[in-house]
Amino acid sequence: MVTNLLDTLLSRERIFIVGSGGVGKTTLSAALAVAAAVERPISVLVVTVDPAKRLAGTLGVAALANSPRRVELPELSPKGELWAASVDMKSAWDDLVHQFSPDLATSERILASPIYHNLSAKFIGSYDYAAVQVLAALTADDRYDLVIVDTPPSRNALDFLDAPARLREFFSSPLLALLTLPRRTRLFSAATRPFYLVADMVLGSAFLTDVTDFFADFAKLAPGLVEQSRSFSELLTAPATGFIAIAAPYGPSVDEAHHLLEALRTRKLNALAFLVNRSLPGWLFTPEAAKARIWLEDEAPALLDARLAQNPKLAAAIHRATSELAFTYQQFANAHARELLDALRDVGIDLFEVPIAEFELDSPTALSALVASTTMVASRAGG
Amino acid sequence: MIEELLGRRLIFVTGKGGVGKSTISAALGSLAARRGLKVLIVEVDGKGDVGSMLGVAKPSFKPQLVAENLWVMEMDTEAALAEYLRIYVKVPFISKFPGLGKIFDFVSTAAPGVREILVVGKLCYEVRQNTYDLIVVDPPASGHVISQLGVAGDVGELIQLGLVKNQTEWMLEILADPERSVALLVATPEETPIEEALDLAGRIRTETPVHLEGAVVNRRFVGPLTGVETDVVDEIRNLAGSVAGLAEVLAASDLYARICDRHDRNLAFFVDQLGSSFKVATVGEYFGALETPKLVDEVAEVLEVELW
């Protein structure tokens, strides 16, 4: 029942959707947000923390930005309203620099630095921090009754959630202090001298000066950034925050699912539900059907040959049809999520099965239909 | 032709997580090795997928031989730095200073491009060394690969002096030469992965010097009963009333066919967006039915037929 899934969602104010790459996080985040806004008289915000910004297309809006935009759902006559936002890294960083610089001169120096320009626009890691800061603001906004966050793809599904801690580690590192020493001191410090000698040779002293000057300014943002990342970390473990994990049914998914749940638990994050996406309908996989598959391979060709004896040209077609049907069925049976569902049945969270889509998931209506066809397999309470 | 693709020196297998990049990298590498080329597969994201597919649980920075003509290594920025210093900065005493790697590592988490340039520098160095005929790179997911492929140009702008400045020039020469370096895009035929692949294709073309050669659409459902004479299909359907379980088998096949149609439409959209001259190969969905060494062999065979 879709009601169960909505109840699970609405038991919290903030929901983070987690899972490894390719399992359908973005699509399901959008789908859950659409369903919640359609079915309940509440204000729902969906935020995608995915650099690829694919959410906009799915929701049928032109573009998304850091500030939420209203998504109209005229065909669905929603009881509530839907808003959507996406993290734009460059403007998020610019805002942070303005917000946390101690004075105008510092912010102007940072914004003009070519190092900053490259760091904020391109390089690994900086995206997560920008996203954390944008989310901290959005998820604390009480204009929305429910905020659903689509977390970024990464090899470790929870990398992103560790970004606040990594940011604090960066600013508290003694190495940062060493690197931002005044230039004279830095050359005479036994700890950094070899580094500077080699770095000078390799990177050139001009770049090195640019880097260290930039970090000297950047370090001034630390109090603000650290404070905000700390409150975000608190928000992640708050009782009003929940996590929904997504898995796809085939591949090495049982181990991954257990690993993900374990990772949520060790971080003291509230795992609410597991959604098994692209699931095949269980009624297809009966013992009779398994026998019919064998029959198709062993007996059907001869039987069909006899029935269609008047047309010998069909012999090859008969052989192909029966073997392909049997093969396809066997592949489907292998792909059935039963193993994954059984493994997750007793882990103490709500378990849902989202059917594999037979239609394009390219409109709010299609997304809403997908949620409507989701079924509950097990509940936290057991059974 | 496949000879043309495998005749490159450096192939970057790009795409979002979960689309099977590692499988495609491993298959492409073993295909090239089987055809007699000396191949090095470089795993950049440290996940160990390519390694384990080829029978090495944890690849090291030093390439390991996994099959005839086929080596696997894992990128490690600290080891790459040590190697770089040993080769270019001939100050053995300083490069052995114990804290140096740590400080560089710290700088590289924050200073733009230091980590990326070490990775790309190592790849280009191997191209120049001519130890291998072909280097297949399995880079980290989507967004990150853009900063890696574009790094030589970016760092060239940022750094005006020093050894690295001189090196970005020959690195750019290798990366921007479509005869030597190409990117392959891997996607799955689901709606959002297709959208993201198109986005990535645009970014590779505009933000990096590397030529985008074509795409592999992986995990595509290929339809049963397509093109089979209707007489035969009808006759099988007629039997569903008398053979228990056959109705379910047919229903599964029909569901499968509807998903195939959806995949075909997504694929057509993808090809349409990228232009008709863009090369696209497709690989079927295996539903986890094959264990990895077998899967890699199977996909390699498919690629041998499918690749342009």
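Start with the whole model: 30 salt bridges are found over all chains. A salt bridge here is a side-chain nitrogen of Lys or Arg within 4 Å of a carboxyl oxygen of Asp or Glu. Side chains of opposite charge can pair when their charged atoms come close.

This is a predicted model, in which local features need pLDDT of at least 70, side-chain atom pairs count only at pLDDT 80 or more, and totals for chains, interfaces and linings use all residues. Residues are numbered from 1 along each chain as its sequence is written, chains are lettered from A and ligands numbered from 1 in the order in which they are written, and side-chain values use heavy atoms, with hydrogens and water left out.

**Stop 1: the interface**

Show chains A and B together. The contact (heavy atoms within 4.5 Å) takes 73 residues from chain A and 78 residues from chain B. The two chains bury about 6900 Å² between them, with 74% of it on carbon and sulfur atoms. Buried area is the accessible area (1.4 Å probe) that two parts lose on being put together, summed over both.

How many salt bridges cross the interface of chain A and chain B? The rule finds 3. Select B:Glu235 and A:Arg307: this pair forms a salt bridge, its closest N and O atoms 2.8 Å apart. Now colour helix H17 (315–335) of chain A, one of the helices that each supply at least two residues to the side touching chain B. Helices and strands are DSSP runs numbered from the N terminus (helices H or I, at least four residues; strands E, at least two). H17(A) gives the largest share of that side, 13 residues.

**Stop 2: a bridge between chains**

Select A:Glu358 and B:Arg258. Their side chains meet in a salt bridge (2.4 Å, N to O). A:Glu358 lies in the loop between strand S8 (350–355) and helix H19 (364–372) of chain A, and B:Arg258 in helix H12 (residues 246–274) of chain B, so the pair joins two chains. A:Glu358 is partly exposed, at 30% relative accessible area. B:Arg258 is partly exposed too, at 36%. The cut-offs: buried is under 20% relative accessible area, exposed is over 50%, and partly exposed is in between (1.4 Å probe, protein chains only).

**Stop 3: A:Thr328**

Go back to helix H17 of chain A and pick A:Thr328. Is A:Thr328 buried or exposed? A:Thr328 counts as buried, at 5% relative accessibility. Leaving out residues up to four places away in sequence, A:Thr328 touches B:Pro224 and B:Tyr256.

**Stop 4: inside chain A**

Select A:Asn277 in strand S7 (residues 271–279) of chain A. A:Asn277 is buried, with 6% relative accessible area. Beyond four places in sequence, the residues it touches include A:Val23, A:Leu28, A:Ile246 and A:Val354.

Next, find A:Ser107 in helix H5 (residues 104–112) of chain A. A:Ser107 is buried at 4% relative accessibility. A:Val97 is 10 residues from A:Ser107 in sequence and 5.9 Å away in space, C-alpha to C-alpha.

**Stop 5: chain B**

Chain B has 13 helices and 8 strands. Buried residues make up 59% of its 308 residues.

Select B:Arg34 and B:Asp297, whose side chains meet in a salt bridge (3.8 Å, N to O). B:Arg34 lies in helix H2 (residues 21–34) and B:Asp297 in helix H13 (residues 292–306) of chain B, so the pair ties together parts 263 residues apart in sequence.

Stay on helix H13 of chain B. B:Glu298 and B:Lys294 both lie there, 4 residues apart, about one turn of the helix. Their side chains form a salt bridge (3.5 Å, N to O). Last, select B:Glu4, B:Arg8, B:Glu179, B:Glu213 and B:Lys279, which salt bridges with shared partners join into one network.
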